[in-house]
Amino acid sequence: MSAVYRNAAPPPIPWLSEGFFDFWSTRVHPLWTLRRPLARLLARHQASADAVTLELQPNRHFRGMQAGQHINLGVELDGRLTTRSYSPAALENGRLAVTVKRIAGGKLSQYLCEHAAVGEVFALGQAFGEMLLPAVLPPKLVMLAAGSGITPLRALLRQLDVQGMPGPVDLVYWARQREQLCFVDEFKAIAGRHPAFRLHLAVTGEGAARVGSYALGSLGDLAPAHVLACGPGGFVDAARSRLQARVAHFDSEAFSAPQLAEVGQGSVQIQLLRTGRTLSVPRGVALLPALEAAGIQPASGCRMGICNTCVCGKTSGITRHTLTGEYISEPSVPLKLCVSSASTDLTLEL
Ligand SMILES: Cc1cc2nc3c(=O)[nH]c(=O)nc-3n(C[C@H](O)[C@H](O)[C@H](O)COP(=O)(O)OP(=O)(O)OC[C@H]3O[C@@H](n4cnc5c(N)ncnc54)[C@H](O)[C@@H]3O)c2cc1C
Ligand code: FES
């Protein structure tokens, strides 16, 4: 397994490369590296019908995390490092509990859910993300989660549980089927300990409405609420359109991206300055998957514009932000490949 780490300082012994050191040290102990964070899978258990929880032991280069943050996990699949973001709960024993929902056709989630074996070592990134508990708790906190979007909110709820649930908190948690819900016993136990926490399960396969038409009256007065919404892109968009203007504060994180309307409108040429290659990629498709499909493997992590791993210089051309739709025409700017699509021919420092 190998990972791309940017801005790495030179190794302390000039003639000893970091890769050489790590190659031999990991043969003595799988988590010993010069400075690369790694994590070893110590245990796994089923979290729901389509999700597993992986208990990971990070090595000493992992700098820790705050509840609500994410990490990048990398696994070598078919000879390539495949990296995706996950939102762990930090356990008291220093381990990370990562719950992965199996996505049909998904590359890494299927591997982690079905094949990852105890003892296996993964590349690990440092924690990132800003969806933390507000420093001063608002008069009302409303958490909205769908699918795997429950994972960072679960970490926040564990923190609130330890703090004695200092204010009223409502969690509305959507799933298609009841057996797809994770952590229900844990949430019910928290609700049992703290009457200020209310759990609302919304199983759409049993008739519950989606977020766009859900009966929000059960949550009380929403005007003073701080809302945290997390889940697939469509869910977060629907929650934002319904609530952003009605609540005091709306914060969200999407785990998957919507597609731009430009997709399918021809292709553009991308010149890669470092490798000297010129590629034709579809207009409107995010540059990261478009480059990967052409055999280029830029460093990546969250694939949602959050972790900054895929930042790359653009020297000419117009790009479009795939989440906001905004066009960026300045000639020399850093861009995030995962949330930028080409609107015209481009030159990239790759
Ligand atoms: C900040 C952040 C934190 C995340 N935390 C978690 C977590 O704790 N647990 C977890 O299971 N996932 C989490 N995800 C999603 C995770 O990073 C992967 O996207 C997911 O595991 C699918 O990866 P894949 O390689 O299997 O799918 P890919 O091969 O990358 O994609 C296959 C298809 O699935 C779609 N897809 C990707 N993710 C989702 C999703 N979450 N819901 C619906 N469709 C999706 C893609 O758009 C694509 O069409 C997080 C994502 C982000 C950005
Ligand atoms: S991969 Fe995280 S910002 Fe692009």
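Ser48 counts as buried because it has 20 C-beta neighbours inside 10 Å; a residue is buried if 20 or more other C-beta atoms lie within 10 Å of its own, exposed if 12 or fewer, and partly exposed in between, with C-beta atoms placed from the backbone. The residue belongs to strand S1 (residues 38-48), where helices (H or I, at least four residues) and strands (E, at least two) are DSSP runs numbered from the N terminus. The model is predicted, so local features need pLDDT of at least 70 and side-chain atom pairs count only at pLDDT 80 or more, whereas totals for chains, interfaces and linings use all residues. Residues are numbered from 1 along each chain as its sequence is written, and chains are lettered from A and ligands numbered from 1 in the order in which they are written.

**Surroundings of Ser48**

- Leaving aside neighbours within four places in sequence, Ser48 is in contact with Glu179, Gln180, Leu181 and Cys182; contact requires that the C-beta atoms of two residues, placed from the backbone, lie within 7 Å.
- Ser48 and Ala146 are 98 residues apart along the chain, and their C-alpha atoms are separated by 14 Å.

- In strand S8 (residues 140-146), seven of seven residues are buried.
- Lys140, Val142, Leu144 and Ala146 point one way from S8, while Leu141, Met143 and Ala145 point the other way.
- In a regular strand the side chains alternate between the two faces of the sheet.
- S8 runs parallel to strand S11 (residues 225-231), to which six bridges join it; two strands pair if DSSP finds at least two bridges between them.
- Within this pairing, Met143 has Leu228 of S11 as its bridge partner.
- Six bridges also join S8 to S9 in the parallel sense, and Val142 stands opposite Asp170 in S9.
- The largest nonpolar core has 86 residues; such a core is a set of buried Ala, Val, Leu, Ile, Met, Phe, Trp, Tyr and Cys residues joined through C-beta atoms within 7 Å.
- Met143, Leu144, Ala145, Leu153, Leu171 and Tyr173 have the most contacts inside this core.
- Not counting residues up to four places away in sequence, Leu144 touches Val172, Val211, Val227, Ala229 and Ala239.
- In soluble globular proteins, nonpolar side chains tend to be buried together.

**Shell around ligand 1**

- Ligand 1 is surrounded by 25 residues, the closest being Gly106, Leu108, Ser109, Ser148 and Thr151; a residue is near a molecule if its C-beta atom, placed from the backbone, lies within 6 Å of it.
- Strand S4 (80-86), strand S6 (96-101) and helix H2 (107-114) each supply at least two residues of the shell.
- H2 gives the largest share, four residues.
- The shell has nine nonpolar, 12 polar and four charged residues; Ala, Val, Leu, Ile, Met, Phe, Trp, Tyr, Cys and Pro count as nonpolar, Asp, Glu, Lys and Arg as charged, and the others, Gly among them, as polar.

**Open sheet of five strands**

- Five strands form an open sheet in the order S14-S13-S20-S15-S18, with mixed pairing.
- Strand S14 (277-282) and strand S18 (333-336) are the edge strands, each pairing on one side only.
- Strand S13 (residues 267-272) pairs with strand S20 (residues 346-348) in the parallel sense over three bridges, and Gln271 has Thr347 as its bridge partner in S20.
- S15 and S20 pair in the antiparallel sense over two bridges, with Thr347 of S20 as the bridge partner of Ser316.
- Strand S15 (residues 311-316) runs antiparallel to S18, joined by four bridges, and Gly313 stands opposite Pro334 in S18.

**Open sheet of three strands**

- Three strands form an open sheet in the order S17-S16-S19, with antiparallel pairing.
- Strand S17 (327-328) and strand S19 (340-342) are the edge strands, each pairing on one side only.
- Two bridges join strand S16 (residues 319-321) to S17, and Arg320 has Tyr327 as its bridge partner in S17.

- Phe183 has a phi near 60 degrees, a positive value in a residue other than glycine, and is found in the loop between strand S9 (169-175) and helix H4 (184-193).
- Phe183 is buried because 22 other C-beta atoms lie within 10 Å.
- Arg303, also not a glycine, has a positive phi of about 60 degrees and lies in the loop between helix H6 (287-293) and S15.
- Arg303 counts as buried because it has 23 C-beta neighbours inside 10 Å.
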